[in-house]
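Please look over the sequence and the structure shown below. The report that follows goes through a few places in turn.

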Amino acid sequence: MSALQSGEPMMTLEKYETFSEDRRIEVFDGTIYDMSSPSQEHQTNC
């Protein structure tokens, strides 16, 4: 995972809603984290 630059402003609901539904992100304490897709192994073992 990689966070955006620490100088970025905190995430707001308005900003979150502008992201494409295809983009996999999670937000923790106002910081955006780009998430990778689940592995094939994870998908078949769950």
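S36 sits in the loop between β3 and α2; helices (H or I, at least four residues) and strands (E, at least two) are DSSP runs, numbered from the N terminus. This is a predicted model, in which local features need pLDDT of at least 70, side-chain atom pairs count only at pLDDT 80 or more, and totals for chains, interfaces and linings use all residues. Residues are numbered from 1 along each chain as its sequence is written, and side-chain values use heavy atoms, with hydrogens and water left out.

With a relative accessible area of 60%, S36 is exposed. Buried means under 20% relative accessible area, exposed means over 50%, and partly exposed is in between (1.4 Å probe, protein chains only). S36 and R24 are twelve residues apart in sequence, and their C-alpha atoms are 7.0 Å apart in space.

P38 also has its place in the loop between β3 (31-34) and α2 (40-45). Its relative accessibility is 36%, so P38 counts as partly exposed. Leaving aside neighbours within four places in sequence, P38 is in contact (heavy atoms within 4.5 Å) with R24 and Q43.

## The salt bridge

How many salt bridges does a search of the whole structure find? The search finds one. A salt bridge is a side-chain nitrogen of Lys or Arg within 4 Å of a carboxyl oxygen of Asp or Glu. Here the side chains of R23 and D34 meet, at 2.8 Å from N to O. R23 lies in the loop between α1 (13-16) and β2 (25-28) and D34 in strand β3, so the pair ties together parts that are eleven residues apart in sequence.

Side chains of opposite charge can pair when their charged atoms come close. R23 is partly exposed at 34% relative accessibility, and D34 is partly exposed at 29%.

## The nonpolar patch

L13, Y16 and V27 make a nonpolar surface patch of about 270 Å². Patches are made of residues with over 30% relative accessible area and no salt bridge; like charges are joined within 9 Å, and nonpolar side chains (Val, Leu, Ile, Met, Phe, Trp, Tyr) within 5 Å. Accessible areas come from the Shrake-Rupley method with a 1.4 Å probe; for residues, only the protein chains shown count as cover.

Y16 lies in helix α1 and counts as partly exposed, at 40% relative accessibility. V27 is found in strand β2 and is partly exposed, at 31%. Not counting residues up to four places away in sequence, V27 touches M11 and Y16. The C-alpha atoms of V27 and M11 are separated by 7.6 Å, with the two residues 16 residues apart along the chain.
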